[in-house]
Amino acid sequence: MQGPAWTPEDGLNMETLVEQYGDELLRLCLLYMGDRHLAEDAFQETLVKAWRALPGFRRESSVYTWLSHIAVNVCRDMLRSGWFRLSRRSQPFDELTQVFAQDTGEASAVTQAVLALPGKYREVVVLYYYQDMKLREIADALHLPVNSVSTRLRRARMLLGRMLKGDVNP
């Protein structure tokens, strides 16, 4: 069942989107892209796409789930682009951990391992653990069945465990 379309009276504007969801979306883009500059580009592109799509937002999910879906798609598109594959720009991991100040020692190793996961596993781990989304929200954001999200998360956990033990190289 679709809700009514967004109207200007709903109070959603660019300032509200950035104020309420900006930090989480930028963090999502950073974890997805692994590069601060690329993440900032993805974040800006996400906001532009969200603003353009806002009149068609039907409230079938929360605003955050909708924005996360847009951000994930923008990041995926950027990672698939020929330009990105040719340039393969990436910041040293030390710069990324500065952004995540709480990541020290073991947490830093976990973040590094998460960033090294294959894309389909990295995205569910990032959304679940770093963005605190529920399985249903992740499924909505990625347009996947909940069972697929659950399976990917389980496999990602197993792979992370093996990576952190040194059994598997990223």
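**Helices and core of a predicted model**

In this predicted model, 44% of the 170 residues of the protein chain count as buried.

Me: How many helices and how many strands does the protein chain have?
Reply: From the N terminus on, the elements run α-α-α-α-α-α-α-α-α. The count for the protein chain is therefore 0 strands and 9 helices.

Me: Which element gives the largest share of the largest nonpolar core?
Reply: The core holds 50 residues, and Leu67 and Leu117 touch the most other members. Elements that give two or more residues to this core include α1 (14-33), α3 (63-80) and α9 (146-165). With 10 residues, the largest share comes from α3.

Me: Are α3 and α8 roughly parallel, roughly perpendicular or oblique to each other?
Reply: The axes of α3 and α8 lie 8 Å apart, and the angle is about 50°. Angles under 35 degrees count as roughly parallel and 65 to 115 as roughly perpendicular. The two helices, α3 and α8, are therefore oblique.

Me: How do the residues of the contact of α3 with α8 divide into nonpolar, polar and charged?
Reply: On α3 the contact is made by Thr65, Ser68, His69, Val72 and Arg76, and on α8 by Glu137, Asp140, Ala141 and Leu142. These residues divide into 3 nonpolar, 3 polar and 3 charged.

How values were computed. Residues numbered from 1 in each chain as written. Predicted model: local features only at pLDDT ≥ 70, side-chain atom pairs only at ≥ 80, totals over all residues. Heavy atoms only, no water. Core = buried A, V, L, I, M, F, W, Y, C linked by side-chain atoms within 4.5 Å. Buried < 20%, exposed > 50% of the residue type's maximum accessible area, 1.4 Å probe, protein only. Helix = DSSP H or I, 4+ residues; strand = E, 2+ residues; numbered from the N terminus. Axes fitted to C-alpha atoms, helices over the stretch in contact; angles between N-to-C directions. Parallel < 35°, antiparallel > 145°, perpendicular 65-115°, else oblique. Contact = heavy atoms within 4.5 Å. Nonpolar A, V, L, I, M, F, W, Y, C, P; charged D, E, K, R; others polar.
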